[in-house]
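The following report describes selected packing features of a two-chain model. It is meant to be read beside the sequence and the coordinates.

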Amino acid sequence: VSDQPQVLLAHRRPGQPRWLADYRATGGYQALGDALGRLSPAEVRQRVQDSGLRGRGGAGFPTGTKWSFFPADAPGPKYLVCNCDEMEPGTYKDRVLLEAEPHLLIEGMLLAAYALGVEHGYVFVRYAYQGVLEALTRATAEARAAGLLGPRVAGTGFAFELHLHGSAGRYILGEETSLLNGLEGVRPVPRLRPPFPAQRGLFGRPTTVQNVETLCCIPPIVRGGADWFRGLALTPGEAGTKLFGLSGHLNRTECFELPMGVPLREVVERHGGGVRQGRAFKACLPGGASTPYLTAQHLDLPMDFGSLERAGSRLGTAGVTVFDERTCMLEVTLNLTRFFARESCGLCTPCRDGLPYVIELMERLEQGRAGLEEIEILKAQPEYINHSFCALAVGAMGPVESLIRHFEEELREHVRRGGCPHRS
Amino acid sequence: MPTLVIDDRQVTVAAGTSLLEAAMELGLVVPHYCYHKALGALGACRVCAVEILAGPEQGLRMACLVPAQDGMVVSTAAPRATGMRRAVTEWLMQNHPHDCPVCDEGGECQLQDMTVAGGHSVRRFQGKKRTFHNQDLGPFIEHEMNRCIQCYRCVRTYREHCGGDDFGVLGSRQRVWFGRFQPGRLESPFSGNLVDVCPTGVFTDRTARFKARVWEMEQAPSICPHCALGCATWPWARYREFVRITARENPETNGFFLCDRGRFGGGGVNHPERPRAPRVDGRERAWPEALGLVRERLGGLVRERGPGVVACLGSARASLEASWLLGRLAEMLGTDRVAHEVHPRRDAAARALAAGLGGLARSQRDIRQSDLVVLCGLDPHAEAPMLALAARQAVRQGARAVCIDPRGPRLPFPAGRIAAWPLPWLRALAARGDEGPTGVRAAALAGLADLRAALAAAASPVLLGGADLLGPEGVRALLALARALSRPERPCGAAVALSGPDSFGGGLLAGEPAGEPAGLDALLEGIEAGDVRALVCLESDPLAEHPEPARVEAALARLELLVCLDCAPGRTLARAHAFLPTTVPVEMAGAFVNFEGRLQAFERVFSPGLPIRATGGGDHPPREFRPDTPGDLPRPAWAVLAELQDMPPVLASIRAALAAEDARFASLPALEAGQPGVRLPLEEGAPGTEAAGADSPESGLRLLVTEALFGSEPLSALAEPIQRVALEATPDELGLHPDDAREAGLQVGQPARLECALGQVSLPWRPRPEFARGLVLAARRRGGALEAFVPGLGPIACRLGPAGEGVP
């Protein structure tokens, strides 16, 4: 790994967060000082725009474009919310990042707040991430004591206060408008868009919601410049490094910072140490449980937003979960769909009732109680479930739709055998 | 005004109209569950899918969420759209119990209609259905959660629209569940609307449970008779049995909803003690004989003793036509002794309002659209429940609400609270700033200035009053304030809750009182002096409604002839020499004038008679065949009164005669039921100079007897479900400020003894810290311990002490 440029995890000390002194010793908060001293908010926004940074929370929306919609100069309260409700199965990179560099997030939020004219920030932390909450609690206390948070940030006229909020623990809170409802203390169901959070977000005020890793990319961009950041990517049109959280049937299931555009084969074979027990690679979720499967034919794909979209999948959060040749992909998909059905908020019919419908179909196939007709019924579902209220059910259809696309023969084998061919 | 094409038909709609609403304008049916006209779009059910084939936005979309735009070409029947609807229906039918044969919603179920219309017939899902436990939600609403399709209309209605907080959505995923935290009666006075908005049978009318299928019932557009607001209703009946009431849409009045008193208060029609046959001298008579006897005796008295010997007493629950005919009968009998309301203070207040409202009148719709609502001595839940809902809609859209009331009434919206008697405030607000605010405590001056500023700044302020607390002086003060606050470019409105469905109409017929005794008091003196020997009571019960029952009792005893026309069992009927049974509004056509001067007609829903269920002896169909209809004798009061004066008992000709005689009612002959009604041309009354009121008690305890939401209003109090709820919701108790209780020596948990001009009573009491000091509140439930305490008197002096000891 040492030959890869390390931007976010360069100084990572496994098992121990880096506190303020350590963070400062390696140039921490210099970007903040530079920005407050020399850059206008508009210049910071421009630098982020030029950097080509795309949101690391899964959707990959260009951060600079998102900020250009934000009414940074509008009077009245505005909010910056960090989405640290990392609850998608197979995704854990934000936890690794924050347990290593809590101050990087604080600095990133300070810079984003400065750029967007925001005085209040929230970090919405996943229920299970008590370690992250503890690290952030201590780091924000340090920052406050050092005058980096509060009414006069670093002695300037810029004011920013950061509030930490521990989630009560549902996957739907990761959806940004549900998260805002959760922060407001009302039932966390997604909100209708428009109005978008940039117009009416938290407490009815302009709000921008950003992923942890996205915000952590801001200090390096401000310090290193947009061109440097773009140059970190291996593929044209992409930018920066990316945290890859590996899991599944690999020899090494860790989180690595790799250049955007690193080939999947390199991720699997070099960094992941290859498929365990010398077995063959069958498929992977490239970016968390809601991204369509990649198969062995995709091993030479560059892992970046554009390439994966063209291949019919998504980079998502780059939480790569690998499945070996002995895995029943129907069983994997059933397991994933059960997760999504369990975490549905129950607002819209496709998600609340469509996912259980799909589960029942897949159970019949898996248990050998289905005919070919069930495969046809299953095939018809994603198109309609994709018209759900929010992206939860759409995400749930990622694996289902790609199961049909890549593994229909395996489904037919279930029908022919009257049960799962992987269990004998 | 975008123009678009839906299913090959062009339509131009108002900007902001959704595709779903645009399709409905064309008469196209697009299935929908979560969308409701009153609640708007939610986008949860995903069944209203349409395909946009061309235009600025294309593809499969939810019709409720996409605003119509110029150039759109929309198909409701494209394969993808119908496929989506089929898929959603199939998903929803996984768990629906398919219990239509035993479901009260069957036949009027949106889910059933849309599912069948979409062609869904085979359930391919083979898993177990998810099931729920149901709750006992009280006597009004039946809960059957297994039928739920999670459209969220119920929570949006109950919580957002109606402001209730004891009902909501619990759980997540496929276990989303709608109900209360624990079983119990739904506390909102608007809970019955769940029945109307639920697109399937989760919430059904418990009072109508298993009584009838929708296609077996008769219905007609009617007007709610249980307060003065004149909300639009659909009463339903089957085989002469009243079954239920649902809300009718009238954008000018109730919008889409009803209060629970209006919805569940109609059962009195079938009250077992309802007198149904004409009686004279204690004997049942056929109509011609009864009418002949009454006519003969009234005529005989007039011949014998001269004009003025007969007095006529009407009521706020009589139709406008009957009230007018009562006055005409008096004229024919040569008397001007007519009152249209028993209660003197209510009569005077209604007349003051009818004479002075003029252009200040505001409808429920106007109130919903107001930006400042000031409630002055109005407990809307009790006196005119839908006013609370109207004010809530204003507040939801950003209006400010202020409540000047010593009771601090419960309101379903946040409001600035001024715990004081309203009259001094009305006068102080009307006074110029440099005049001293007499009667307003110094501590409240900041609030006064703030309210004055708010009233000056508001774009569409409206003052809401309650006639029972304000009385005629207060009504005049309220109207005077609204006039004082009005500028040509920025009028201020006023609305006053009166007691009955035709209080305003009676007030118009009676005219402005000129200081003389009002109501029955105007007639009592004549009776007591022996000048009046006969009284005709039109649907009024003076023994129950007049604040001095003993005086009334004595007066009635002096009469040679008491003629009662009524549709409900009442106390006065027992004294009647002649009784003529009349119909209730659902059994007749007629008209009422509501609190804002809106003339509205209602139609007959069903003909009077004993329900088949009651006459069949348990058999169905009844085995005893007979040529007549048992219990069908009640007739509309206007028909009875017309015949008494030899006029054809034909509504059209009565209305024509009324319109010809009184130009204010010129619109009556053309009036149709089921329409929004007509605001009468109200004269710009010059409100009489108001006497300085004794309405602001300075010291000492003052008893205020009020109506309650359930159990006070005479007709709804006959309905069994209302009686059941009233026992719990309107307990016999006194309320007063805890400091007053301490000063009176009351002990927690020990009853209090109350003495006042109305009588004396020992009752439990409850500390009410939101009350103004000096107020003792008692809500009257019919049949309860406070039966003799007639509301509507304003504050009266009283003494209070621990029960069991002499009052100091």
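## Sheet, helices and buried sites

In strand β3 of chain A, A:E161 is the bridge partner of A:H120. The model is predicted, with local features requiring pLDDT of at least 70 and side-chain atom pairs counted only at pLDDT 80 or more, while totals for chains, interfaces and linings use all residues. Residues are numbered from 1 along each chain as its sequence is written, chains are lettered from A and ligands numbered from 1 in the order in which they are written, and side-chain values use heavy atoms, with hydrogens and water left out.

Helices (H or I, at least four residues) and strands (E, at least two) are DSSP runs, numbered from the N terminus. Two strands are taken to pair if DSSP finds at least two bridges between them. Strand β2 (residues 120–125) of chain A pairs with β3(A) in the parallel sense, over six bridges.

**The sheet of chain A**

The open sheet of chain A consists of four strands, ordered β3-β2-β1-β4, with parallel pairing. Its edge strands are β3 (161–166) and β4 (207–211) of chain A, each of which pairs on one side only. From one strand to the next, the twist averages 20°.

Helix α6 (residues 102–116) of chain A packs on this sheet and touches β1 (79–84), β2, β3 and β4 of chain A, its direction making about 150° with that of β1(A). Axes here are lines fitted to C-alpha atoms, for helices over the stretch in contact, and angles run from 0 to 180 degrees between N-to-C directions. Contact means heavy atoms within 4.5 Å. Helix α8 (residues 176–184) of chain A lies across β1, β2, β3 and β4 of chain A and runs at about 110° to β1(A).

Eight of the nine residues of α8(A) are buried, so the helix is largely enclosed by the rest of the structure; buried means under 20% relative accessible area, exposed over 50%, and partly exposed in between (1.4 Å probe, protein chains only). The buried residues of α8(A) are A:E176, A:T177, A:S178, A:L179, A:L180, A:N181, A:G182 and A:L183. Their cover includes α4 (63–68), β1, β2, β3 and β4 of chain A. Just after α8(A), A:G185 adopts a positive phi of about 85°.

| Pair | Axis distance | Angle |
|---|---|---|
| α2(A) and α6(A) | within 9 Å | roughly 15° |
| α8(B) and α21(B) | 9 Å | about 15° |

Helix α2 of chain A comprises residues 30–38, and helix α21 of chain B comprises residues 637–644. Angles under 35 degrees count as roughly parallel, over 145 as roughly antiparallel, 65 to 115 as roughly perpendicular and the rest as oblique. Helices α2(A) and α6(A) are therefore roughly parallel to each other. The crossing of α2(A) past α6(A) is left-handed, that is, the near helix is turned anticlockwise from the far one by less than a right angle, clockwise being right-handed. From α2(A), A:Q30, A:A31, A:L32, A:A35 and A:L36 meet A:E107, A:L110, A:L111 and A:Y114 of α6(A). This contact between α2(A) and α6(A) has seven nonpolar residues, one polar and one charged; Ala, Val, Leu, Ile, Met, Phe, Trp, Tyr, Cys and Pro count as nonpolar, Asp, Glu, Lys and Arg as charged, and the others, Gly among them, as polar.

In chain B, α8(B) and α21(B) are therefore roughly parallel to each other, and their crossing is left-handed. The α8(B) side of the contact consists of B:E321, B:A322, B:L325, B:L326, B:L329 and B:M332, and the α21(B) side of B:A637, B:W638, B:L641, B:A642 and B:L644. By class, the residues joining α8(B) to α21(B) are 10 nonpolar, no polar and one charged.

**Buried sites in chain B**

B:S319 lies in the loop between β16 (310–313) and α8 (320–332) of chain B. B:S319 is buried, its relative accessible area being 3%. Residues up to four places away in sequence aside, B:S319 touches B:D502, B:M588, B:A591, B:F592, B:F602 and B:W638.

Six of the eight residues of helix α16 (residues 503–510) of chain B are buried, so α16(B) is largely enclosed by the rest of the structure. The cover over these buried residues includes α8, α9 (344–356) and β26 (590–593) of chain B. B:G511 follows α16(B) and has a positive phi, near 85°.

B:P461 belongs to strand β21 (residues 461–466) of chain B and is buried, with a relative accessible area of 2%. B:P461 and B:S370 are 91 residues apart in sequence, yet their C-alpha atoms are 5.9 Å apart.
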